[in-house]
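Dear colleague,

I am passing on the structure we spoke about, and below it you will find notes on what came out of the analysis. Please read them with the model open beside you.

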Amino acid sequence: EEHTGCNAPQRQARVHAESLREVRRLRPRRTAGRTRVARMSLPAPGPDRTAVVTGASSGIGAEIARELSRGGHHVTLVARSADKLDELAAELGDADVIAMDLADRAVRPTLPERVGENGRLIDILVNNAGLSTLGAVSRSDPEAEMNMIEVDVVAVADLCSRIVPGM
(Lines give C-alpha, C1' and ligand atoms only; values in the text may rest on other atoms or scores of the structure.)
Protein backbone atom coordinates (compact mmCIF):
# COMPACT_ATOMS: atom_id res chain seq x y z
CA GLU A 1 0.00 0.00 0.00
CA GLU A 2 1.42 3.35 -1.00
CA HIS A 3 1.99 5.83 1.84
CA THR A 4 1.85 9.08 -0.11
CA GLY A 5 -0.91 11.53 -0.88
CA CYS A 6 -3.61 13.08 1.25
CA ASN A 7 -4.79 9.78 2.79
CA ALA A 8 -1.36 8.80 4.10
CA PRO A 9 -1.92 10.14 7.66
CA GLN A 10 -5.22 8.24 7.97
CA ARG A 11 -3.60 5.06 6.65
CA GLN A 12 -0.67 5.42 9.04
CA ALA A 13 -3.04 6.02 11.96
CA ARG A 14 -5.01 2.88 11.02
CA VAL A 15 -1.84 0.77 10.79
CA HIS A 16 -0.63 2.17 14.12
CA ALA A 17 -3.99 1.37 15.80
CA GLU A 18 -3.91 -2.18 14.42
CA SER A 19 -0.33 -2.61 15.69
CA LEU A 20 -1.31 -1.38 19.16
CA ARG A 21 -4.22 -3.83 19.31
CA GLU A 22 -1.85 -6.68 18.41
CA VAL A 23 0.70 -5.62 21.04
CA ARG A 24 -2.02 -5.42 23.69
CA ARG A 25 -3.27 -8.86 22.68
CA LEU A 26 0.22 -10.36 23.10
CA ARG A 27 1.14 -8.43 26.26
CA PRO A 28 1.73 -10.59 29.36
CA ARG A 29 -1.31 -10.56 31.66
CA ARG A 30 -1.45 -11.10 35.40
CA THR A 31 -4.04 -13.61 36.52
CA ALA A 32 -4.35 -14.97 40.06
CA GLY A 33 -0.88 -13.69 40.97
CA ARG A 34 0.83 -15.31 37.97
CA THR A 35 1.93 -13.72 34.73
CA ARG A 36 0.45 -15.35 31.67
CA VAL A 37 2.13 -14.72 28.34
CA ALA A 38 -0.01 -15.02 25.24
CA ARG A 39 1.61 -17.12 22.54
CA MET A 40 1.78 -16.13 18.94
CA SER A 41 0.34 -18.70 16.54
CA LEU A 42 2.80 -20.31 14.14
CA PRO A 43 2.32 -22.37 11.00
CA ALA A 44 2.25 -26.12 11.55
CA PRO A 45 5.60 -27.86 11.05
CA GLY A 46 6.03 -29.67 7.73
CA PRO A 47 8.66 -31.99 6.28
CA ASP A 48 9.68 -29.50 3.57
CA ARG A 49 9.34 -26.39 5.76
CA THR A 50 11.85 -24.54 7.90
CA ALA A 51 12.05 -21.69 10.37
CA VAL A 52 14.97 -19.41 9.53
CA VAL A 53 16.54 -17.92 12.65
CA THR A 54 19.16 -15.24 12.11
CA GLY A 55 21.59 -14.49 14.91
CA ALA A 56 21.21 -18.11 16.01
CA SER A 57 24.79 -18.59 17.22
CA SER A 58 24.05 -17.42 20.77
CA GLY A 59 21.65 -15.72 23.17
CA ILE A 60 18.06 -15.12 22.20
CA GLY A 61 18.53 -16.50 18.68
CA ALA A 62 19.82 -19.84 19.96
CA GLU A 63 16.97 -20.04 22.50
CA ILE A 64 14.35 -19.27 19.85
CA ALA A 65 15.85 -21.98 17.63
CA ARG A 66 15.70 -24.46 20.53
CA GLU A 67 12.08 -23.57 21.26
CA LEU A 68 11.05 -23.92 17.61
CA SER A 69 12.85 -27.25 17.40
CA ARG A 70 11.11 -28.48 20.56
CA GLY A 71 7.84 -27.51 18.87
CA GLY A 72 8.61 -29.83 15.94
CA HIS A 73 9.82 -27.20 13.49
CA HIS A 74 12.87 -27.76 11.35
CA VAL A 75 15.21 -24.81 11.83
CA THR A 76 17.78 -23.16 9.60
CA LEU A 77 20.42 -21.46 11.72
CA VAL A 78 22.02 -18.31 10.29
CA ALA A 79 24.93 -16.32 11.74
CA ARG A 80 28.59 -15.52 11.03
CA SER A 81 30.04 -18.17 13.35
CA ALA A 82 29.88 -21.56 11.60
CA ASP A 83 31.43 -23.38 14.59
CA LYS A 84 28.77 -22.15 17.02
CA LEU A 85 26.01 -22.92 14.52
CA ASP A 86 27.35 -26.44 13.97
CA GLU A 87 27.41 -26.97 17.74
CA LEU A 88 23.77 -25.87 18.08
CA ALA A 89 22.72 -27.94 15.06
CA ALA A 90 24.29 -31.03 16.67
CA GLU A 91 22.37 -30.29 19.87
CA LEU A 92 19.07 -29.91 17.98
CA GLY A 93 19.60 -32.97 15.81
CA ASP A 94 17.78 -31.76 12.70
CA ALA A 95 18.87 -28.28 11.66
CA ASP A 96 20.56 -26.70 8.68
CA VAL A 97 23.45 -24.28 9.07
CA ILE A 98 24.08 -21.29 6.83
CA ALA A 99 27.08 -19.24 7.89
CA MET A 100 26.89 -15.75 6.44
CA ASP A 101 27.51 -12.16 7.41
CA LEU A 102 24.18 -10.35 7.09
CA ALA A 103 26.04 -7.02 6.89
CA ASP A 104 27.31 -8.06 3.45
CA ARG A 105 24.84 -6.71 0.88
CA ALA A 106 26.26 -8.96 -1.82
CA VAL A 107 25.80 -12.15 0.21
CA ARG A 108 22.52 -11.45 2.01
CA PRO A 109 20.25 -11.86 -1.06
CA THR A 110 21.44 -15.46 -1.47
CA LEU A 111 19.83 -16.61 1.81
CA PRO A 112 16.45 -17.73 0.35
CA GLU A 113 18.21 -19.61 -2.46
CA ARG A 114 20.59 -21.32 -0.02
CA VAL A 115 17.64 -22.43 2.11
CA GLY A 116 16.00 -23.81 -1.05
CA GLU A 117 19.17 -25.75 -1.91
CA ASN A 118 18.57 -27.67 1.34
CA GLY A 119 15.14 -28.71 0.03
CA ARG A 120 13.18 -26.42 2.35
CA LEU A 121 10.61 -23.66 2.03
CA ILE A 122 10.70 -20.84 4.56
CA ASP A 123 7.49 -20.57 6.55
CA ILE A 124 8.87 -18.75 9.62
CA LEU A 125 11.42 -15.94 9.62
CA VAL A 126 12.98 -14.82 12.91
CA ASN A 127 15.00 -11.70 12.11
CA ASN A 128 17.04 -11.81 15.31
CA ALA A 129 20.59 -10.95 14.18
CA GLY A 130 21.87 -7.78 15.73
CA LEU A 131 24.82 -6.09 17.31
CA SER A 132 25.63 -2.95 19.20
CA THR A 133 28.50 -0.60 19.70
CA LEU A 134 29.65 0.80 23.04
CA GLY A 135 30.98 4.12 24.17
CA ALA A 136 30.46 7.77 23.53
CA VAL A 137 29.31 8.72 20.05
CA SER A 138 32.02 11.39 19.97
CA ARG A 139 34.63 8.60 20.04
CA SER A 140 32.74 6.10 17.90
CA ASP A 141 34.06 4.41 14.79
CA PRO A 142 31.83 5.47 11.87
CA GLU A 143 32.43 2.16 10.07
CA ALA A 144 31.32 0.17 13.14
CA GLU A 145 28.22 2.36 13.47
CA MET A 146 27.30 1.83 9.81
CA ASN A 147 27.89 -1.93 10.17
CA MET A 148 25.52 -1.97 13.15
CA ILE A 149 22.82 -0.14 11.16
CA GLU A 150 23.36 -2.48 8.21
CA VAL A 151 22.67 -5.56 10.38
CA ASP A 152 20.10 -4.13 12.80
CA VAL A 153 17.99 -2.18 10.28
CA VAL A 154 18.85 -2.72 6.62
CA ALA A 155 19.21 -6.51 6.81
CA VAL A 156 15.87 -6.83 8.63
CA ALA A 157 14.02 -4.87 5.93
CA ASP A 158 15.93 -6.62 3.16
CA LEU A 159 15.19 -10.15 4.40
CA CYS A 160 11.54 -9.34 5.09
CA SER A 161 11.05 -7.97 1.58
CA ARG A 162 12.79 -10.99 0.02
CA ILE A 163 11.28 -13.77 2.16
CA VAL A 164 7.82 -12.74 3.40
CA PRO A 165 6.18 -12.59 -0.06
CA GLY A 166 6.93 -16.30 -0.52
CA MET A 167 5.54 -17.34 2.85
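Two strands are taken to pair if DSSP finds at least two bridges between them, and the elements themselves are DSSP runs numbered from the N terminus, with helices being H or I of at least four residues and strands being E of at least two. The model is a predicted one, in which local features need pLDDT of at least 70 and side-chain atom pairs count only at pLDDT 80 or more, while totals for chains, interfaces and linings use all residues. Residues are numbered from 1 along each chain as its sequence is written, and side-chain values use heavy atoms, with hydrogens and water left out.

Strand 6 (residues 121–126) is largely enclosed by the rest of the structure, because 5 of its 6 residues are buried, where buried means under 20% relative accessible area, exposed over 50% and partly exposed in between, with a 1.4 Å probe and protein chains only.

Thr54, which lies in strand 3, is buried with a relative accessible area of 0%. Its contacts (heavy atoms within 4.5 Å), not counting residues up to four places away in sequence, are Val78, Leu102, Val126, Asn127, Asn128, Ala129 and Leu159. Ala129 in turn belongs to the loop between strand 6 and helix 5 and counts as buried at 18% relative accessibility. Leaving aside neighbours within four places in sequence, Ala129 is in contact with Thr54, Gly55, Leu102, Val151 and Asp152.

Nonpolar cores

A nonpolar core is here a set of buried Ala, Val, Leu, Ile, Met, Phe, Trp, Tyr and Cys residues joined through side-chain atoms within 4.5 Å. The largest such core has 16 residues, and those with the most contacts inside it are Leu68, Val75, Leu77 and Leu92. At least two residues of this core come from each of strand 3, helix 2 (59–70), strand 4 (75–79), helix 3 (82–92) and strand 6, with helix 3 giving the most, namely 4 residues. A second, separate core has 15 residues, including Leu111, Ala129, Val151 and Ile163.

Cavity and pocket

On a 1 Å grid over the protein atoms alone, a cavity is a set of points where a 1.4 Å probe fits but cannot get out, whereas a pocket is an open set with protein on both sides within 12 Å along at least five of seven lines, and lining residues have an atom within 4 Å of a point. Grid points are joined across faces, edges and corners, and a volume is the space filled by probe spheres set on the points.

The search of the whole structure finds 1 cavity of 30 Å³ or more, and the largest cavity has a volume of about 30 Å³. Its lining residues are Pro45, Gly46, Arg49, Thr50, Ala51, Gly72, His73, His74 and Asp123, and strand 3 gives the most to this lining, with 3 residues.

The second largest pocket has a volume of about 300 Å³. Of the 21 residues that line this pocket, the closest to its centre are Gly55, Ala79, Arg80, Ala129 and Gly130. Helix 2 gives the most to the pocket lining, with 3 residues.

Best regards
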